[in-house]
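Subject: Handover of a structure

Dear colleague,

Please find below the sequence and the structure that I am handing over to you. My findings follow directly after them.

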Amino acid sequence: MHYSAPPPPGYDDGHVDPLLVGFGVFIAVALLVGFVPLWFQPSYTRGEAHSTVCDATTIRSAVQLYRLDKDDCPTVPDLVRADVIDRTSRIVDSWENPFRIECEGNDIFVVSAGPDGAFDTRDDLDNTWGSR
């Protein structure tokens, strides 16, 4: 029989423990899943969002008044000309972009393009907090 001595400390025989590899993969996936959503969050603060939604809600109320007399979907300048919104009301969002008004039957949405200034992107906000 042949007996061998245990390997000296620091000896590497090229064998990789599968349990250690599995744990490393688990940690890598957990970090990726945890951080990826942060990269895709809209880039606005809670205060900017709240202010924009409040302004959009004010404009929505003005649209409701406007539509009592007219059947069309107005623009913000139409609301100002019809004197259903006060000239001192904010008619732009927190990033100084104009609001877009969308009428779908009796539903009214006042939409902000968000900080990127482009409509129909992830950072858009509306008077429903995006629940439509």
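**The sheet**

Three strands form an open sheet in the order S1-S2-S3, and their pairing is antiparallel. Strands S1 (100-104) and S3 (125-126) stand at the edges of the sheet; each has a single partner strand, so one side of each is left without a neighbour in the sheet. Please note that this is a predicted model.

**The chain as a whole**

How many helices and strands does the protein chain contain? The secondary structure comes to three helices and three strands. Read along the sequence, these elements follow the pattern α-α-α-β-β-β. One of the helices, H2 (residues 46-69), lies across S1, S2 and S3, and runs at about 140 degrees to S2.

The protein chain has 132 residues, of which 25% count as buried. Its accessible surface comes to about 9,400 Å², and carbon and sulfur atoms account for 60% of that surface. Where contacts join residues at least 6 apart in sequence, 42% of them link residues at least 24 apart.

I would ask you to look next at Asn 97, which is found in the loop between helix H3 (76-81) and S1. Is Asn 97 buried or exposed? Its relative accessible area is 17%, and residues under 20% count as buried, so Asn 97 is buried.

Which residues does Asn 97 touch, leaving aside those up to four places away in sequence? They are Val 92, Gly 114 and Gly 117. With Gly 114 there is also a pair of atoms to inspect: a polar atom of the Asn 97 side chain lies 3.1 Å from the backbone oxygen of Gly 114.

With kind regards

Technical notes
Residues numbered from 1 in each chain as written. Predicted model: local features only at pLDDT ≥ 70, side-chain atom pairs only at ≥ 80, totals over all residues. Heavy atoms only, no water. Pairing = 2+ DSSP bridges. Helix = DSSP H or I, 4+ residues; strand = E, 2+ residues; numbered from the N terminus. Contact = heavy atoms within 4.5 Å. Axes fitted to C-alpha atoms, helices over the stretch in contact; angles between N-to-C directions. Buried < 20%, exposed > 50% of the residue type's maximum accessible area, 1.4 Å probe, protein only. Areas by Shrake-Rupley, 256 points an atom, 1.4 Å probe, with all protein chains shown as cover. Polar contact = N/O pair within 3.5 Å; in protein donor to acceptor, adjacent residues only side chain to side chain.
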